[in-house]
Amino acid sequence: FGPVSASVLAAFAHIGGQLVLARVWLVPHDGVFYLLPLFATAALVFGTINGLVAARLLAISVATPAPDSALLKAGQ
């Protein structure tokens, strides 16, 4: 799994957990599950956006080498 698929799966797990908790604790009937298509769409959209941002940041961090400790000591 890459950052995008992991983020989408995490978004779906988050939404699923919220719906189950809302059903068990707050709403005493199954009407809360009518919101599932809306929340699933939001999880897909925002999970994808979050995963793309994470993938971009990971690519930048890999492309940028860490500073050499010898250069840091010489510059002090």
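A: One convention first: the axes here are lines fitted to C-alpha atoms, for helices over the stretch in contact, and the angles run from 0 to 180 degrees between N-to-C directions. With that in hand, and keeping in mind that this is a predicted model, H1 and H2 pack at an angle of about 145°, with their axes 7 Å apart.

Q: And what is the handedness of the crossing of H1 and H2?

A: H1 passes H2 in a right-handed crossing, and the residues of that contact divide into 16 nonpolar and 5 polar, with no charged ones.

Q: Which residues of H1 are buried?

A: They are Ser-7, Val-8, Ala-11, Ile-15, Leu-19 and Ala-22, and these buried residues of H1 pack against H2.

Q: What about that spacing, why would residues three or four places apart point the same way?

A: An α-helix has 3.6 residues a turn, so residues with that separation point the same way.

Q: Which ones are buried on H2, and what do they pack against?

A: The buried residues of H2 are Ala-43, Gly-47 and Gly-51, and they pack against helix H1, which covers 3-26.

Q: How does the span of H2 agree with what its residues should give?

A: At 1.5 Å a residue, the 28 residues of H2 (residues 36-63) should span 40 Å, and because the end C-alpha atoms are 40 Å apart, the two values agree. H1, with 24 residues, reaches 33 Å from its first C-alpha to its last, which is close to the 34 Å expected at 1.5 Å a residue.

Q: Changing topic, where is Asn-50, and how far is its C-alpha from that of Pro-3?

A: Asn-50 is in helix H2, and although Asn-50 and Pro-3 are 47 residues apart along the chain, their C-alpha atoms are separated by 8.6 Å. Asn-50 is partly exposed, with a relative accessible area of 48%.

Q: Zooming out, how many helices and strands are there in the chain?

A: The protein chain has 3 helices and 0 strands, and buried residues make up 13% of its 76 residues. Among contacts between residues at least 6 apart in sequence, 68% join residues at least 24 apart.

Note on methods:
Residues are numbered from 1 along each chain as its sequence is written. This is a predicted model: local features need pLDDT of at least 70, side-chain atom pairs count only at pLDDT 80 or more; totals for chains, interfaces and linings use all residues. Side-chain values use heavy atoms; hydrogens and water are left out. Helices (H or I, at least four residues) and strands (E, at least two) are DSSP runs, numbered from the N terminus. The expected span of a helix is 1.5 Å times one less than its number of residues. Buried means under 20% relative accessible area, exposed over 50%, partly exposed in between (1.4 Å probe, protein chains only). Contact means heavy atoms within 4.5 Å. A crossing is left-handed if the near helix is turned anticlockwise from the far one by less than a right angle, and right-handed if clockwise. Ala, Val, Leu, Ile, Met, Phe, Trp, Tyr, Cys and Pro count as nonpolar, Asp, Glu, Lys and Arg as charged, and the others, Gly among them, as polar.
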